[in-house]
Amino acid sequence: EVQLVESGGGSVQAGGSLRLSCAASGFTFDDGAVGWFRLAKGKEREGVSSIRLREGTTYYADSVKGRFTIFSDNNKNTVYLQMNDLKPGDSANYYCVAARSIETPGWDYYGQGTQVTVSS
């Protein structure tokens, strides 16, 4: 059984930083991809960032470029999202997703999420 467990959320003031973690079990980090989405009340789900595990190619939404960094520790089966210069608009439930292969579209596994709250 594959499980994705997020951690690292919390409450910070604007300009602060948080590092989210997505720890995977039952899923090996030798291929595929892991991504982060966020969902805030009254807003549509937004794809924040993703990383292809084999070659390390990354993607960022325009709204977080230059402030967020995604990276993986394949030995620990964990993907991190370093979030700097946080803004109130970044407040949301952040959840990670994983795909077994980059050859097929879509995500295969979803985590439960971790809440991020940024106050002004």
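In strand β11, S119 is the bridge partner of Q13. Strands here are DSSP runs (E, at least two residues), numbered from the N terminus. The model is predicted, so that local features need pLDDT of at least 70 and side-chain atom pairs count only at pLDDT 80 or more, whereas totals for chains, interfaces and linings use all residues. Residues are numbered from 1 along each chain as its sequence is written, and side-chain values use heavy atoms, without hydrogens and water.

The contact between Q13 and S119 belongs to a parallel pairing of β2 (residues 10-13) with β11 over four bridges; two strands pair if DSSP finds at least two bridges between them. β11 also runs antiparallel to β9, to which three bridges join it, and A92 has V116 as its bridge partner in β11. Buried denotes under 20% relative accessible area, exposed over 50%, and partly exposed the range in between (1.4 Å probe, protein chains only).

Further pairings involve β1, β3 and β8. β1 is joined to β3 (residues 18-25) by five bridges in the antiparallel sense, with V5 opposite A23 in β3. β3 in turn pairs antiparallel with β8 (residues 78-83) over six bridges, and R19 has Q82 as its bridge partner in β8. The loop between β1 (3-7) and β2 contains G8, which counts as partly exposed at 33% relative accessibility. The C-alpha atoms of G8 and A24 are separated by 15 Å, although these residues lie 16 residues apart along the chain.

The aromatic residues may be considered next. A search of the whole structure finds four aromatic pairs. Rings of Phe, Tyr and Trp (its six-membered ring) pair if their centres lie within 6.5 Å, and planes under 30 degrees apart count as stacked, over 60 as edge-to-face and the rest as tilted. F71 and Y80 form a stacked pair, at 5.1 Å centre to centre with 25 degrees between the planes. In this pair, F71 is partly exposed at 29% relative accessibility, and Y80 is buried at 15%. The rings of Y95 and Y110 have centres 6.5 Å apart and planes at 35 degrees, so this pair is tilted. Because Y95 lies in β9 (residues 92-99) and Y110 in β10 (residues 109-110), the pair ties together parts that are 15 residues apart in sequence. Y95 is buried at 11% relative accessibility, whereas Y110 is partly exposed at 44%.

Ring pairs link Y95 and Y110 with F37 and W107 into a cluster. R45 lies over the face of F37, at 4.4 Å from the ring centre; a charge sits over a ring if NZ of Lys or CZ of Arg is within 6 Å of the ring centre and within 35 degrees of the ring normal.
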